[in-house]
Amino acid sequence: MSTEVVIHATPALLRASAAARLVTRLVDLQAAGRVPSVVLTGGGTGIGVLASLYQSPARDAVDWRRVELFWGDERFVPAADPQRNEKQARDALLDHVGVDPARVHAMAASDGEFGDDVDAAAAAYTRALTDRGGFDVLMLGLGPEGHVASVFPDSPAVYDTRAVVAVRNCPKPPPTRISLTLPTIRTAAEVWVLTDGESKAGAVAMALGGAGEVALPAAGAVGTARTLWLLDRAAASQLPPGLSRMPIG
Ligand code: 6PG
């Protein structure tokens with residue numbers, strides 16, 4: 001497994017480049033006869049990649065009916081709540097490209113079939129992942145303190161070995177969420193951590209500098225075949241010089 005860092009001049013270029021990278025990966029997997037599985041992320045950078053992809057003519061190179069879509073985490077709020085990662089992803093891309101509804105695997109909403117039972121909703125998502133192979137591409141945003149998905153430093157989720165967990169009292173609102181755990185994130189062939197801005201520079205430097213995953217969950221976000229850190233210059237500003245596109249470890 002290799003870890004690569006790719007630094008982009010601006011957040012907009014990061015989003016456009018990551019969108020192009022995703023299109024290429026999906027097209028290559030489909031050309032090989034595969035139905036690729038992709039895990040989407042919430043957050044401004046992750047949704048921005050989807051919006052950028054929708055703006056790209058290359059979007060139509062993907063057969064969107066043959067893509068399995070999952071989420072790394074979800075805010076446990078009503079389905080129509082604008083805070084929902086699913087709703088933001090649909091608004092940015094999914095509802096405009098003809099995905100197969102049967103291949104869109106959203107995490108339950110708080111007004112869904114499990115009501116306000118977030119543990120039951122998390123358990124149900126675990127079942128949705130059962131008997132699946134690992135994911136082909138798993139995208140993650142990064143929090144300023146190093147969280148990925150809804151796995152926060154020294155939180156119950158970072159110690160949990162189950163596949164999918166309920167998260168309560170999340171430091172980032174809204175407080176109740178569903179999240180993949182790090183062991184599940186690590187089943188992905190490729191993990192892409194996408195982030196921009198000065199506020200993330202410390203977490204980026206710690207994650208790539210050898211921090212442990214309990215204190216810095218992003219440090220545990222590695223793929224079985226490849227780990228990509230896709231950054232803008234500001235988020236990379238505390239990295240040692242020259243650490244770009246270099247395999248690390
Ligand atoms: C969420 C996200 C979360 C997000 C990071 C980065 O549901 O909030 O999954 O993990 O990706 O907090 O968010 P920004 O890209 O907005 O900084």
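Reply: Glu190, Trp192 and Leu194 point one way from strand 8, while Val191, Val193 and Thr195 point the other way. In a regular strand the side chains alternate between the two faces of the sheet. Strand 8 covers residues 190–195, and six of its six residues are buried. Buried means under 20% relative accessible area, with exposed over 50% and partly exposed in between (1.4 Å probe, protein chains only). Helices (H or I, at least four residues) and strands (E, at least two) are DSSP runs, numbered from the N terminus.

This is a predicted model, in which local features need pLDDT of at least 70, side-chain atom pairs count only at pLDDT 80 or more, and totals for chains, interfaces and linings use all residues. Residues are numbered from 1 along each chain as its sequence is written, and side-chain values use heavy atoms, leaving out hydrogens and water.

Now the neighbours. Two strands pair if DSSP finds at least two bridges between them. Strand 8 pairs with strand 5 (residues 137–140) in the parallel sense, over four bridges. There, Trp192 in strand 8 has Met139 opposite. Strand 9 (residues 226–232) also runs parallel to strand 8, and six bridges join them. Leu230 in strand 9 stands opposite Leu194. Between strand 8 and strand 9 the chain passes through helix 7 (residues 201–208), in a right-handed β-α-β crossover. Right-handed means that, with the strands pointing away from the viewer, the path from the first strand over the helix to the second runs clockwise.

Strand 5 is in turn joined to strand 2 by two bridges, and these run parallel. Val137 in strand 5 stands opposite Val38.
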